[in-house]
Amino acid sequence: MNVLSIAADTLWIIALSIMAGAARVAWRRMDADVMVPMIGTWRLPRNLALIIPVAAAFAFGMALLWGHRHAAGLSYNVIFFGLRATLAAIIAMLHLQWLKGALATLESEGALKS
């Protein structure tokens, strides 16, 4: 374990906490029977729609962590740090953008609590 790996872990923890916090706020604005828009016309129940993206990001982050821990040499550590730091931010931003769109759609349908 080195400093770059720990720094990348910290960035993933921050990204996942932002995603989980936003999902929690959205969770409170929806009834249990709401079907949340995912991609196109595909919809999932609230429980799955808000948990799956965060869980998938966690699993993806764990795969990157495994690769980073098995990287040999400083150059690979720097590359993995850059990859993990960049992807943590990108995935969090994509999640927030999706959630914003989903909430806008649900609000226009009148499916959100006031």
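**Figure 1. Overall architecture of the predicted chain.** Among contacts in the protein chain between residues at least 6 apart in sequence, 69% join residues at least 24 apart, a contact being heavy atoms within 4.5 Å. The model is predicted: local features need pLDDT of at least 70 and side-chain atom pairs count only at pLDDT 80 or more, whereas totals for chains, interfaces and linings use all residues. Residues are numbered from 1 along each chain as its sequence is written, and side-chain values use heavy atoms, with hydrogens and water left out. The protein chain contains three helices and two strands, arranged along the sequence in the pattern α-β-β-α-α. Its radius of gyration is 17 Å, well over the 13 Å given by the globule rule for 114 residues, so the chain is more spread out than a compact globule. This radius is taken over C-alpha atoms, and the rule is 2.2 Å times the number of residues to the power 0.38. Helices (H or I, at least four residues) and strands (E, at least two) are DSSP runs, numbered from the N terminus. Along its principal axes, the C-alpha trace spans about 55 × 25 × 20 Å. Of the 114 residues, 37% are buried; buried denotes under 20% relative accessible area, exposed over 50%, and partly exposed in between (1.4 Å probe, protein chains only).

**Figure 2. Helix 2, its kink and its packing.** Helix 2 (residues 46-69) comprises 24 residues and reaches 35 Å from its first C-alpha to its last, close to the 34 Å expected at 1.5 Å a residue. The expected span is 1.5 Å times one less than the number of residues in the helix. At isoleucine 52 the helix has a kink of about 30 degrees, shortly before proline 53; the bend at a residue is the angle between axes fitted to the seven residues ending there and the seven starting there. Proline 53 is itself one of the buried residues of helix 2, which also include Arg46, Ala57, Gly61 and His68. The packing partners of these buried residues are helix 1 (3-29), strand 1 (35-37), strand 2 (43-45) and helix 3 (74-109).

**Figure 3. The aromatic pair between helices 1 and 2.** One aromatic pair is present in the structure. The rings of tryptophan 12 and phenylalanine 60 have centres 6.4 Å apart and planes at 65 degrees, so the pair is edge-to-face. Tryptophan 12 belongs to helix 1 and phenylalanine 60 to helix 2, so the pair ties together parts that are 48 residues apart in sequence. Rings of Phe, Tyr and Trp (its six-membered ring) are paired if their centres lie within 6.5 Å; planes under 30 degrees apart count as stacked, over 60 as edge-to-face and the rest as tilted. Tryptophan 12 is buried at 5% relative accessibility, whereas phenylalanine 60, at 36%, is partly exposed.

Figure 4. Serine 5 is located in helix 1 and is buried, with a relative accessible area of 2%. Its side chain makes a polar contact of 2.9 Å with the side chain of arginine 69. A polar contact is a pair of N or O atoms within 3.5 Å; within protein, one must be able to donate a hydrogen and the other to accept it, and residues adjacent in sequence count only if both atoms are side-chain atoms. Not counting residues up to four places away in sequence, serine 5 touches Leu65, His68, Arg69 and Arg84. Arginine 84 is placed in helix 3 and is buried, with a relative accessible area of 1%. The side chains of arginine 84 and aspartate 9 are joined by a polar contact of 2.4 Å. With residues up to four places away in sequence again left out, arginine 84 touches Ser5, Ala8, Asp9, Trp12, Leu64, Leu65 and His68.

**Figure 5. Helix 3 and the residues that follow.** The 36 residues of helix 3 should span 52 Å at 1.5 Å a residue, and the end C-alpha atoms are 52 Å apart, which agrees. Within this helix, glycine 82 is partly exposed at 28% relative accessibility. Leucine 103, also in helix 3, is buried at 16% relative accessibility. Neighbours within four places in sequence aside, leucine 103 is in contact with Ala26, Arg29, Met30 and Leu112. Just after helix 3, glycine 110 adopts a positive phi of about 75 degrees.
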